[in-house]
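Thanks for coming. I will take a few minutes to walk through one chain, and the model is up next.

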Amino acid sequence: MRDPNHGNHHADTKHREAVFNRLRNELLREGSNHSSFTRVKAKVLADRDVRGDSTLQSMVKTYIAEREAVFRTMHAVKPVTKSRPASVSVEHRPQVTPVEAARHEQRYQAEFLLGQFREKIRHYYESEASILLDRLRRINADQPELISAETVATCDGMLRRMSQRRTHFLQHVTEVADRAVAAAGRGAHDMAARALRRLTLIHLAHREWLPDATFESVRDRIIHARDHRDEQLSAQKIVERERTIAAELKGLSERLHRFHSIAFTTPHDTAAYRDAEADYRAAVADVTHHDAEWLDSVIFELVELLNELHDPPPEKADQQVNRFLDRVRAAIQTLRREVNAWKPKP
């Protein structure tokens, strides 16, 4: 049976190793001499993860003890031999020579560089990882016992695979951005918003892949495409409304003309004439309703649609609406003249 706590234990172990590597690298990086090491040591031991994990605390203390032993050996003066009473028991510890201490330090530095390389690979910092790999190659050339050729080959493979993943991911970012712009351009705002949220998460997690300037450029493209789509829709609304009004006025004119034609060709005591006359009187009433108040409402409606385009509206669109309103005024005047020119007997 699978241990239900196995997953948690594995996660705890990985977290502990990650924290230990981070703290060890901090001690190596900032504790280059004994005094600075002592200062960094205090900060590391006060770390919240260290204080809350006895196993991690033991690992850190063991590493600190090893480093302090190296510092003592490298800076120790030659001890003076003193005679001790035979009855006193003295613990004999193996003495580390300066050469051995230096080698110990070199090994730690090589491990530190290797750890830094893996850290850069983990976060997809390609340029930094390439620099560290070159340093590892130089160590292998000078001191292959510290960094073996197999280790360099492994690191080289890690860098190449990371570069490939990074390239593929950058392609993915470009595709998501293009989809977002296309969606905004065709009015699929929900799809554009989802794509933009995806890009935002990528930007927050991997700024080296999607820097601030690039991210802002993508957002501007999406916004511009959305605004362009909104302007297209607003312009389309204006055209449709103008067509509706023009068709309405044209219909009134056709009803008046139809009655004039019937009045000249059909006896006035027939049902066809009476029907045409009734429609004519209704058309005249409609013409009357197309007064100054009606025209003001049309102007207000078109101005509102213009403001949806831009505030202030583009000059070209403004001129188009003004020309249309001039045609509307002329059409109403023509309708009124036609009404006044032919009034059937009551």
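Before anything else, a term: helices (H or I, at least four residues) and strands (E, at least two) are DSSP runs, numbered from the N terminus. What you see is a predicted model, in which local features need pLDDT of at least 70 and side-chain atom pairs count only at pLDDT 80 or more, while totals for chains, interfaces and linings use all residues. Residues are numbered from 1 along each chain as its sequence is written, and side-chain values use heavy atoms, with hydrogens and water left out.

The protein chain has 12 helices and zero strands. Of its 346 residues, 32% count as buried, where buried means under 20% relative accessible area, exposed over 50%, and partly exposed in between, with a 1.4 Å probe and protein chains only.

Now the pocket. A pocket is found on a 1 Å grid over the protein atoms alone, as an open set of points where a 1.4 Å probe fits, with protein on both sides within 12 Å along at least five of seven lines; lining residues have an atom within 4 Å of a point. The second largest pocket is lined by 18 residues, and Asn21, Asn25, Gly115, Glu119 and Arg122 lie nearest its centre. Helix 1 (6-30) and helix 5 (98-122) are the elements that give two or more residues to this lining. Which of them gives the largest share? Helix 1 does, with nine residues.

Helix 5 also holds glutamine 116. This residue counts as buried because its relative accessibility is 19%. Setting aside residues up to four places away in sequence, glutamine 116 touches Asn25 and Leu132; contact means heavy atoms within 4.5 Å.

Next, the cores. A nonpolar core is a set of buried Ala, Val, Leu, Ile, Met, Phe, Trp, Tyr and Cys residues joined through side-chain atoms within 4.5 Å. The largest one has 25 residues, and Ile245, Leu249, Leu256, Trp294, Leu302 and Val328 touch the most other members. Helix 9 (212-265), helix 10 (271-289), helix 11 (292-309) and helix 12 (315-341) each supply at least two residues of this core. Beyond its neighbours within four places in sequence, leucine 249 is in contact with His290, Trp294, Val328, Ala331, Ile332 and Leu335. A second, separate core has 18 residues, including Leu113, Ile121, Ile147 and Val152.

Last, helix 7. Glycine 187 follows this helix, and the phi of glycine 187 is positive, near 90 degrees. That is all from me.
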